[in-house]
Amino acid sequence: GLAQVIQAALMESTAVATDEKRYELWEDWHQYIAAPTLIPHAARLAVRNVRHQWLHNVQPAPLVATALNTIAYQERTAEPQSDGSQELFDIRHRLIATWRWLNMIDGCHLEAMTQANAILRDLIKEGLTTDSDSSSFSIAKEFILEVSRNSRDLIAEAREGAGPAQWHMSPQTIEQVTRERDHWRDFLEVHDRGVMWGAYMARLESRFHGASERIHIPDDIVDALYSGAEDIANGIEIVLTRPGGWMVDTEANRASELETQHDPTFEDDLATTAELQARIEQIHNPGDLRCMCVVAMVNKYVQVLESAASWIRANSSRDHHRVVSLCQRLISVTTCIADPRHLLLECFSPDETRALLEHVRLASIQIIELGGSISP
C-alpha cells in the first residue's frame with residue numbers, strides 16, 4: 001500500500017547516511033511503526049527500486065533524489081578529505097547501502113542473501129560487458145566479503161537449528177543460497193588473478209624485452225612464470241568443473257535450483273519467487289551470464305598459457321620442454337569443454353568455438369616444431 005511505498009522511499013533516500021544516523025532512524029521506525037510486515041516489505045521494495053534504476057538507467061523519484069543530494073552534500077562537507085563521499089553518487093554503492101536495510105531485519109536474512117546474490121550477478125555481468133575499468137568487479141569483491149561476514153554466524157546457527165524461529169531457513173535452503181555466493185567468490189578470485197597476471201607479464205616484458213641475447217634469464221623467473229600459469233589454469237578448471245558448481249550445468253543442478261525455497265515473510269508476494277526463477281534463467285540460458293562467465297574464463301585460460309609459452313620460447317631456449325607442456329595443457333581444455341558431464345560446449349557460439357580451435361591449432365604447431373607430442 002501507500003505506507004509501504006513511502007517507507008521504501010525513506011529507506012532509499014537515507015541509505016547513504018552515516019551508520020550512526022541509520023541506526024537512529026532504525027530505532028525510530030521500530031518505535032513508531034506498528035505493522036510488523038511494513039518494514040520488511042518496504043526494505044525489499046527499496047532494494048528493487050534502486051536496482052531497477054541502475055539496470056534501466058532511470059532516475060529516482062524527485063523527492064528521493066533531493067534527499068540523496070542533501071545527504072551526499074552533508075557527508076562531503078563534513079569530511080572534505082574523504083574520497084568515500086564520491087561513492088554516494090555511484091548507484092552501485094547506493095544499491096548496496098539500500099540492501100543493508102534489508103539485511104538488518106530479523107527474519108529476512110534469507111531474502112537479504114537472495115537479493116545479495118542478484119546484486120552480485122548484475123555487478124559481474126556489467127563487469128563482463130561494459131565495465132572497462134573493472135570497478136564493478138572491485139565493488140563485487142568488497143560486497144561479497146561484507147555478505148559473507150554478516151551471514152557467517154547466521155549460517156552456523158541455522159545449520160545447528162539454534163537460530164530464532166522467525167528466520168525460517170532450512171539447511172537445504174542455506175546451502176543453495178550460500179553455494180551460489182561461494183561460486184561467485186571463486187569466480188572473482190580467479191578473475192582477479194588473471195588481471196594480476198596481465199600486469200605481471202607487462203612488467204616482465206618491460207624488464208627483459210630485447211635483453212635475452214645479452215643476459216641469462218634467471219631460472220627462478222622461468223620457474224615462477226611456469227608455475228604461475230599452471231596455478232591459474234588449475235584454478236579456472238576447478239571453478240568450471242567443481243561438483244555442484246553453478247558452471248556445471250547438469251539436469252540435477254537445474255532441478256535443485258527449481259526447488260529453492262523463499263522466505264515465508266514474503267510468501268504473499270510472488271516477487272521473491274520470480275527473482276529466484278530469473279536467477280535460474282539468467283545462469284542457464286545460452287548467451288546469458290553463465291555462458292558469458294564460462295567463455296571469459298576459458299579465454300583467460302588460453303591467454304595465460306599462451307603468453308607464458310610464448311615468453312619462455314622467446315627468452316629461454318633451454319626451457320622448450322616447458323613450452324610443450326603449456327601448449328599441451330592449453331589443448332587439454334577442449335577435453336574439459338567437450339565433457340558431457342559439464343555441458344560447457346553449449347556456452348560457445350560458432351565464432352567463439354572457431355576462435356578457440358584456432359588457438360588449439362597454433363599450440364599444436366608449436367608442440368610439433370619443438371619435437372613434442374600432442375598428447376601429454
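Predicted model: local features only at pLDDT ≥ 70, side-chain atom pairs only at ≥ 80, totals over all residues.
R329 counts as buried because its relative accessible area is 13%, and buried means under 20%. Its side chain meets that of E237 in a salt bridge, 3.3 Å from N to O. R329 sits in helix α13 (residues 320–338) and E237 in helix α9 (residues 219–241), so the bridge ties together parts 92 residues apart in sequence. I noted E237 as partly exposed, at 24% relative accessibility.

Next I checked R290. R290 forms a salt bridge with E346, with the closest N and O atoms 3.4 Å apart. This pair also links distant parts of the chain: R290 is in helix α12, E346 is in the loop between α13 and α14 (350–369), and they are 56 residues apart. R290 is buried, at 0% relative accessibility. E346 is partly exposed, at 35%.

Then I turned to R51. A salt bridge joins the side chains of R51 and D122 at 2.5 Å, N to O. R51 belongs to helix α3 (residues 38–56) and D122 to helix α6 (residues 109–129), 71 residues apart. I found both R51 and D122 buried.

I searched the whole structure and got 21 salt bridges. R181, D182, R185 and D186 are linked in a salt-bridge network.

Now the nonpolar side. The largest nonpolar core holds 82 residues, and M11 and W311 touch the most other members. Helix α12 (residues 289–315) gives this core its largest share, 15 residues. I listed contacts of W311 beyond four places in sequence: M201, L204, E205, F208, I217, I221 and L225.

Last, the surface. L2, V5, I6 and L10 form a nonpolar patch there, together about 380 Å² of accessible area. L10 lies in helix α1 (residues 2–14) and is partly exposed, at 37%.

Note on methods: Residues numbered from 1 in each chain as written. Heavy atoms only, no water. Patch = residues over 30% accessible without salt bridge, like charges linked within 9 Å, V, L, I, M, F, W, Y side chains within 5 Å. Areas by Shrake-Rupley, 256 points an atom, 1.4 Å probe, with all protein chains shown as cover. Salt bridge = Lys/Arg side-chain N within 4 Å of Asp/Glu carboxyl O. Helix = DSSP H or I, 4+ residues; strand = E, 2+ residues; numbered from the N terminus. Buried < 20%, exposed > 50% of the residue type's maximum accessible area, 1.4 Å probe, protein only. Core = buried A, V, L, I, M, F, W, Y, C linked by side-chain atoms within 4.5 Å. Contact = heavy atoms within 4.5 Å.
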